[in-house]
Amino acid sequence: MIKQRTWYLWCVAVVIVALAGCQTIPKDALKLKPESLQKRALQTRMYEGVAEVDILSASAGVMQDLGFNIDESETKLGLIVGSKERDATEAGQVAAAIVIALLGGGAMAIDKNQKLRLSLVVRPASADDKQRHLVRVTFQRIVWNTQNRITRVEGLEQPEIYQEFFDRLSKAIFLEGHKI
Amino acid sequence: MKFTKITTPLFLLAALISLPGCQTNSSKQLLQTSESQVKMRSIQTRAFDTTDKNKTLRTVIATLQDLGFVVDKADETLGSVSATKLDGYQLRMTVTVRPRGGQQLLVRANAQYNLTAINDPEIYQDFFTALGKSMFLSAHSVD
């Protein structure tokens with residue numbers, strides 16, 4: 001009787017371990033959500049009276065101003081992709097790590113490096129309108145901690161980031177337009 | 001009782017073999033497919049009644065951005081777009097656009113979620129639904 005129970009428990013354990021190995025994609029990963037439209041508005045600006053190629057070259061300039069390296073570009077599709085690697089240390093985490101170390105908890109892993117990516121896409125506002133263009137920019141990052149483990153994989157959605165980026169881009173496009 | 005005595009070691013043996021997925025040489029993953037090629041192709045492909053490749057590619061890019069992807073690469077000549085979505089997980093997707101006859105374009109998408117290829121038809125259907133909305137065209141299934 002006992003042996004049978006053990007056997008049964010083994011079965012259950014094996015099934016649990018096997019299931020934990022399965023990763024399934026969230027069902028709504030490729031569904032448009034109500035917030036998709038809000039994000040689009042946040043990440044998009046319209047520019048009028050500037051050629052697509054001029055917007056692209058101004059954008060490349062802004063990316064360089066921000067320290068991004070250009071990884072990829074396809075001007076025929078209005079695309080520029082850039083990335084940069086930076087420090088990801090945050091004061092809060094360092095403080096928490098110090099407190100834990102003082103309490104005898106040993107060394108706590110804290111965020112150390114991050115890779116920030118940006119892709120910028122310019123497209124005509126409509127098929128028959130060559131005067132107005134939509135520019136959409138999207139950011140994401142991967143963060144590694146002091147043990148070289150990935151701690152965050154995320155899109156960046158703070159409105160301030162986009163606001164500042166487009167402020168810079170607007171200035172650059174203006175300068176480009178006046179060839180300064 | 002005797003039954004369990006024999007089955008326990010057998011079961012454990014089977015479990016040990018099956019848990020690592022029977023993978024004896026991980027480089028075999030290179031040419032691994034999980035479903036039949038024909039079936040996957042039809043799940044991943046739709047035809048659209050347009051011949052404007054550039055506009056279709058631009059719409060694919062816009063749709064991917066709507067879905068939270070950051071575009072990694074695009075090539076108009078080859079007709080391909082690759083993009084990554086990071087949201088606590090990593091979802092990579094490549095979409096290709098190529099002509100079919102003189103009237104249509106074929107759009108094919110393939111995606112991987114973390115370390116596994118996505119075979120779920122519904123996930124691809126969601127993508128083509130979103131794309132169809134942006135294209136203002138309906139997506140036709142292809143056999």
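## Chain A: overall fold

Chain A has five helices and six strands. Helices here are DSSP runs of H or I of at least four residues, strands are E runs of at least two, and both are numbered from the N terminus. The order along the sequence is α-α-β-α-β-β-α-β-β-β-α.

The model is predicted: local features need pLDDT of at least 70, side-chain atom pairs count only at pLDDT 80 or more, and totals for chains, interfaces and linings use all residues. Residues are numbered from 1 along each chain as its sequence is written, while chains are lettered from A and ligands numbered from 1 in the order in which they are written.

Of the 180 residues in chain A, 22% are buried. A residue is buried if 20 or more other C-beta atoms lie within 10 Å of its own, exposed if 12 or fewer, and partly exposed in between, with C-beta atoms placed from the backbone. Take the contacts in chain A between residues at least 6 apart in sequence: 55% of them join residues at least 24 apart. Two residues are in contact if their C-beta atoms, placed from the backbone, lie within 7 Å.

Val137(A) sits in strand S5 of chain A. Val137(A) counts as buried because it has 24 C-beta neighbours inside 10 Å. Beyond its neighbours within four places in sequence, Val137(A) contacts Gln43(A), Leu118(A), Leu120(A), Tyr162(A) and Phe165(A). Gln64(A) is 73 residues away from Val137(A) in sequence, and their C-alpha atoms are 15 Å apart.

Arg152(A) belongs to strand S6 (residues 150-156) of chain A. It has 14 C-beta neighbours inside 10 Å, so Arg152(A) counts as partly exposed. Leaving aside neighbours within four places in sequence, the contacts of Arg152(A) are Arg141(A), Ile142(A) and Val143(A). Leu102(A) lies 50 residues from Arg152(A) along the chain, with 26 Å between the two C-alpha atoms. Asn148(A) is in the loop between strand S5 (129-145) and S6 of chain A. With 9 C-beta neighbours inside 10 Å, Asn148(A) counts as exposed.

Most residues other than glycine have a negative phi. Asn148(A) has a positive phi, near 65°. Asn114(B) also is not a glycine and has a positive phi, of about 50°.

Asn114(B) is placed in the loop between strand S5 (104-113) and strand S6 (116-117) of chain B. Asn114(B) counts as exposed because it has 11 C-beta neighbours inside 10 Å.

Chain B has four helices and seven strands. Along the sequence they run α-α-β-α-β-β-β-β-β-α-β. Chain B has 143 residues, and buried ones make up 31% of them. Among its contacts between residues at least 6 apart in sequence, 51% link residues at least 24 apart.

The largest nonpolar core has 52 residues. Such a core is a set of buried Ala, Val, Leu, Ile, Met, Phe, Trp, Tyr and Cys residues joined through C-beta atoms within 7 Å. The members that touch the most others are Val60(B), Ile61(B), Leu64(B), Val71(B), Val81(B), Met93(B) and Val107(B). H4(B) gives the largest share of this core, six residues. Outside four places in sequence, Val60(B) contacts Val81(B), Val95(B), Val97(B), Val107(B) and Leu131(B).

## H3(B) against H4(B)

The axes of H3(B) and H4(B) come within 9 Å and cross at roughly 125°. Therefore H3(B) is oblique to H4(B). Axes are lines fitted to C-alpha atoms, for helices over the stretch in contact, and angles run from 0 to 180 degrees between N-to-C directions. Angles under 35 degrees count as roughly parallel, over 145 as roughly antiparallel, 65 to 115 as roughly perpendicular and the rest as oblique.

Which residues of H3(B) meet H4(B)? They are Thr59(B), Val60(B), Ala62(B), Thr63(B) and Asp66(B), and they meet Ala130(B), Leu131(B), Ser134(B) and Met135(B) in H4(B). This contact has five nonpolar, three polar and one charged residues. Ala, Val, Leu, Ile, Met, Phe, Trp, Tyr, Cys and Pro count as nonpolar, Asp, Glu, Lys and Arg as charged, and the others, Gly among them, as polar.

## Where the chains meet

On chain B, 38 residues are in contact with 33 residues of chain A. Elements giving two or more residues to this side of chain B are helix H1 (2-18), helix H3 (53-66), strand S2 (70-75), strand S4 (90-100) and helix H4 (121-135) of chain B. H3(B) supplies the largest share, eight residues. By class, this side of chain B has 19 nonpolar, nine polar and ten charged residues.
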